[in-house]
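User: I have a model open and would like to go through it piece by piece. Can you take my questions as they come?

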Amino acid sequence: MGEESSSSQVLICREEAAIDAPIISSYNDRIRPLLDCVDNLRRLKIMQEGIQLPTIVVVGDQSSGKSSVLESLAGISLPRGQGICTRVPLIMRLQNQPNLASPELQLEFNGKIVSTDEAQIEKSIIEATQEIAGHGKGISHTPLTLAVKKNGVPDLTMVDLPGITRVPVHGQPEDIYEQISNIIMEYITPEESIILNVLSAASDFTTNESIRMSQKVDKTGERTLAVVTKADKAPEGLLEKVTADDVRIGLGYVCVRNRIGDESYELARNEEAKLFHTHPQLSKINKSMVSIPVLAQKLVRIQATIISKCLPEIIKKINDRLAANAADLNRLPPKLNSVAEAMTAFMRILGSAKDSLKKILLLGEFDEYPEDKNMHCSARLVEMLNNYSAELQARNPGQNKDNFLIDEISALDESKGIQLQNFLPRGIFLNMLQKNVKAISAIPRNFVDDLWDYIEAVLIKVLIHHSENYPQLQSSTRRAAQNLISKKKQESAKWVEEIIGMETHTDYTCNPEYITTCNKLMEKQGEFMEVVKDPWRSKITIAGIGEEIETQHLKRHQSVAQQAFDLKMRMVAYWNIVLMRFVDSMALHVQFSIHKLVTKEMEEAIVADLMAPHGGGIERMLDESPTVAKKRIRLSKSVKLLKESKNVVANIIDRISQ
């Protein structure tokens, strides 16, 4: 028995020595720089730029033994006790230093670095946590970094997150579970994260909360590694649990024994090796799935793989984001330091706005607004004019076949006088013309209102676009544009009233089309009178008026029918000329008014408003707007961070390639 016991102890010691190697071995010369690169990028907070880093994230229930696992890997004590011990994300950066006489420990948080030692580390972590998350039992998203340089630790960087708890204890917020879940999901969701799921051997893996969370973001388990703690407390059935893999742990399981009480780390390791070698049940578990040294070795290998896989994409993202943000920064307007610079910038804005308006309003070009059809102004103006013309034509009195000539007969009756009966007074025609013009007068009035409303929207959009870098100018330019459009509306309204007045004052045209049309219509007068006098016929077709026009009601007005027909045909012929003038003159007025607005009036109006007492003068441009200033600061910080990150990566690549 003595010989067997002695040989058994020798075998265990040899296995301990073999297992010990991975935990004290460092990365090789190519892998260590990569981890340094990622750690430096994390220190620079590159993740603020939306660039995710490969990270080992430690999650587990509150009582799963997370702290014990991390203590065993780092060889230092972490805060323990009832309730949540980890109240902030704890970034543990372990670095093996074989030649270091004594461990070097540093805490990094809130922009400062605090040195500590193994004896004070628990106290230092508690104090730092209180400074970050307060003295209560609440949690915080702000991370705390623990840097450990020590002989014998694995080269690893891990993020330990608060343990999952469903029931808040005294002093904890009611939504503590939701808060912790949000932090965990934030860290484990990125594809670059490796999830180190810490499970108690006594728990049911299939209902474990941390497993449920990891399965949400890693359904296949390809980036999840499980650590089973307290194997000595619940050995029964553990072999079946880790080999059956009912919860899809793609990177495998590692079973460990927690350090008990005040055991030294060396003693705890020896006891762990002895447990998995001699225990009737635990000894059956494959040796590649047990012990802290095996866990360290797996983590080192997984970390090396994920960093090597992700680094090229990280470099690409840094370069792309740097180029984009530098371009955005360069596009910001230069900060103005003098009135001369402000005046130059102001005139440049006016010039570019004028060029844009010339393109879209006068030249029919819309390359600056290819997708916004409302800014294809020439096409929209033509549409508006076509609709205006169609609306006028719809009021054409010649198209009314119902009660044919009744209005004309009524007008003739009202104009009776002591005069020759077959003579058609000019006043009758003018009265009917005035009546017809009055009937359509609202159409041109409404048209100019709608037209200038549209031009106002276009004008303001262009001005706001070109002055977007100087918001302090926008109120002035908008006000000037609105006042100018109001003035243009008044001018157009006055012009419309003059046109209406001219059309109602005089019936005149030198357009030969009037005589041609009138003669053509009058050719039907003879046939018309025959139909009116014929008791057996009552319908007639007149080109330009209509087909099958009913005349039965005119048989009792035979004495004035001929004059009424004459009056009607003259009005139809002349009305076409009137409508043509309304449309043509409106088109010319619109084009000329817009031309004046773009080439002269807009600039004058904006300058006048800016220089007015309420405008604030050109000096307003010297005060950079809060929005632009904030954007400039944000982009400058981002570009600085990305440049530093690019240099970090470049230096690491240079080290590897040497």
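User: What is the strand order in the open sheet?

Analyst: This is a predicted model. Its open sheet of nine strands runs S4-S3-S5-S2-S6-S1-S7-S8-S9, and the pairing is mixed.

User: Which strands stand at the edges?

Analyst: Strand S4 (112-116) and strand S9 (253-255). Each has a single partner strand, so one side of each is left without a neighbour in the sheet. From one strand to the next, the twist averages 20 degrees.

User: In what sense do S2 and S5 pair, and over how many bridges?

Analyst: Strand S2 (residues 90-96) and strand S5 (residues 144-150) are parallel, with seven bridges. Leu-94 is found opposite Val-148 in S5.

User: Which strands does helix H5 lie across?

Analyst: Helix H5 (residues 176-188) lies across strand S1 (55-60), strand S6 (156-160) and strand S7 (193-200), at about 150 degrees to S1. Helix H6 (residues 209-217) lies across S1, S7 and strand S8 (224-229), and its angle to S7 is about 160 degrees.

User: Switching to the other strands. How many residues are between S10 and S11 in the hairpin?

Analyst: Three, and in that turn Gly-544 has a positive phi of about 90 degrees. The pairing of S10 with strand S11 (residues 546-550) is antiparallel, over three bridges. Ile-540 has Ile-549 in S11 as its bridge partner.

User: Which side chains of S10 are buried?

Analyst: Ile-540 and Ile-542, which point to one face of strand S10 (residues 539-542).

User: Now the core. Which residues touch the most other members of the largest one?

Analyst: Phe-404 and Phe-528, in a nonpolar core of 89 residues. The most residues in this core, 24, come from helix H18 (residues 558-611). Apart from it there is another core, of 60 residues, including Val-38, Val-58, Ile-121 and Val-227.

User: What does Phe-404 touch?

Analyst: Leaving out residues up to four places away in sequence, Phe-404 touches Phe-528, Ile-542, Ile-545, Ile-549, Glu-550, His-553, Leu-554, Phe-565, Lys-568 and Met-569.

User: Where is confidence lowest?

Analyst: In helix H1 (residues 2-24), with a mean of 41, while helix H14 (residues 442-466) is highest at 95. Over residues 1-27 pLDDT stays under 50. Where pLDDT is low, the predicted coordinates should not be read in detail. The protein has a mean pLDDT of 84, and 90% of its residues reach 70 or more.

Note on methods. Residues are numbered from 1 along each chain as its sequence is written. This is a predicted model: local features need pLDDT of at least 70, side-chain atom pairs count only at pLDDT 80 or more; totals for chains, interfaces and linings use all residues. Side-chain values use heavy atoms; hydrogens and water are left out. A nonpolar core is a set of buried Ala, Val, Leu, Ile, Met, Phe, Trp, Tyr and Cys residues joined through side-chain atoms within 4.5 Å. Buried means under 20% relative accessible area, exposed over 50%, partly exposed in between (1.4 Å probe, protein chains only). Helices (H or I, at least four residues) and strands (E, at least two) are DSSP runs, numbered from the N terminus. Contact means heavy atoms within 4.5 Å. Two strands pair if DSSP finds at least two bridges between them. Axes are lines fitted to C-alpha atoms, for helices over the stretch in contact, and angles run from 0 to 180 degrees between N-to-C directions. pLDDT is the predictor's confidence in each residue, from 0 to 100.
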